[in-house]
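Trainee: Could you walk me through this one, helix and rings included?

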Amino acid sequence: MNDKNKITRKHNTKMKKAVIAIAVLFLSAGACLLRAQSISDYLESGNKKNTAGDYKGAVADYTKAIELKSDDPELYNTRGLAKDKLKHYHGAIADFNKAVQLNPDYAEAYNNRGVAKDNLQDYHGALSDYNKAIKLKPDYAEAFNNRGIVKTYFQDFEGAFNDYTKAIELKPDYPEAYNNRAVTEVNMQDFRTAISDCNKAIQLKPDYAEAFNNRGLGQDHLQNYNDAVSDYDKAIELKPDYAEAYNNRGVTKNNQENFQGSLIDLNKAIELNPAYADAYNNRGLAKDNLLDYQGALADYDKAIELVSNFAEAYNNRGLTKCDMQDYTGAMQDFDKAIEFKPYYAEAFNNRGLTKNIMRDYENAIKDFNKAIVQKPDYSDAYMNRGNARAAAKDFVKAITDYNTAIELRPAFTGAIYNRGIAYYSLGKYREAILDFSKAAELNPEYGDAFNYLGDCYFETHDFDKSVENYNKCLSLKSSNWDAMLGLSLVYFEKKDADNYRLYFNKAIGLEPKLKKGLDGITALEKEGFTYSNYDKEVLKQLFKTLK
């Protein structure tokens, strides 16, 4: 029997994209009503165009107003906001620079310049501007919200959480801050609280597509997949071109093993955003699950083309190459994933599994060690290290690893089953029976567990229970030659020549390599042995060797 190795796909870090709302301050024309009428006219016209989405026209009007009064910081700030809408971020920053030059205490301009720098991925510059805005205006809820966003990019989740909480304290009806705090709580693995914050955001803003999307992320992490899909459905209803929601719904459908449905959603995400690397990576996973390995490889290749340091895509491409038995190629991909993400526990685990398949047990164990250092509660890595140790015949240490895996995950069927194999290999049949029975209880369709129970009961000379469990195994998988071989040996011990021959011949029909066993028995017969005086120990050893 082969040990059951568990490969962990890493879907979590780049698989789902949480959406954060950035707040900018739009100033009304009211502050300028006392200026010359012509300035007011241009400003009013620009504001109307801005509201209608004609940002280019708005910029033109604001420019006319600035030509009439070039020392007004509010006009520069207002034009900078319109340029930001046009994604002319450098031009927006130039306007915000002029605004703070004219008014060094202009908190709103610092905040808005921070938003433009954020859009240019100048996160350190954005952080500096938000700090300045807050220093000038300590009750500035929007600046606290925006600073929280930048801290999230730096993975300072505690700092981000504190900023969002302060924004909510200052402005209790602030849906964006609740939504953004939920994103941070997802990153902090506090999924129930994240859902609660999304609920509040939706209560304040019922058409808030991003909050529905992020609530779906929380539900997915709690394995409430139907609720997650419902939330993504609502997000898409509110925002039909919402590529991230299609991507996330595709991921959840993949978790539900609805691989075709996942593929449809991920296709839509890519249609909406052809440069969406996460969606290509996730579609690769769906295709792999549908056994479309070439299609999966093409999607991982595209994801890596779009994001050259995409560690998760390298990891997943390595897994697909393992499925295709291209172990050398898989090793290269796992190496690359670890190069880009040195603390990537799943990639160490998967590289260890590949080395285990290649019978490089010593180095496989080293990789599992590294996976466990990075992720001490990684039950799969403990089980896989146990498998490598068992393959190297170190069953005592293997049992220690299986024990830890089971402590971390009490219903871990694979680890319980594999511990049973280790006990069986040490001749501890009673302990093995307990483990195989538990594995069968957790998974009544686990034919191999019944097969091993048959082996254990044979070794303890409880032949009736041995037959019972071999038959249970065969009822689940009628082509299991191992169980038929076991039945043959039981019937030999029970002196039932017809049945032992029947099942041995059936086993040979399913596994031709057993023919050498039949040749051995035939040789014994030619030497004058009859069924009643076979050397049972010789024959028993022959059967055990074959099993």
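Predicted model: local features only at pLDDT ≥ 70, side-chain atom pairs only at ≥ 80, totals over all residues.

Mentor: Numbering starts from 1 along each chain as its sequence is written, and side-chain values use heavy atoms, with hydrogens and water left out.

Trainee: How many of the 13 residues of H16 are buried?

Mentor: Helices here are DSSP runs of H or I, at least four residues, numbered from the N terminus. Buried means under 20% relative accessible area, exposed over 50%, and partly exposed in between, with a 1.4 Å probe and protein chains only. Tyr-280 and Arg-283 are among the buried ones, and the count for H16 is 12 of 13.

Trainee: Which parts does the pair of Tyr-123 and Phe-154 tie together?

Mentor: Rings of Phe, Tyr and Trp (its six-membered ring) pair if their centres lie within 6.5 Å; planes under 30 degrees apart are stacked, over 60 edge-to-face, the rest tilted. The search of the whole structure gives 11 aromatic pairs. Tyr-123 and Phe-154 make an edge-to-face one, 6.4 Å centre to centre with 90° between the planes. Their pair ties together parts 31 residues apart in sequence, because Tyr-123 lies in helix H7 and Phe-154 in the loop between helix H8 and helix H9.

Technical notes: Helix = DSSP H or I, 4+ residues; strand = E, 2+ residues; numbered from the N terminus.
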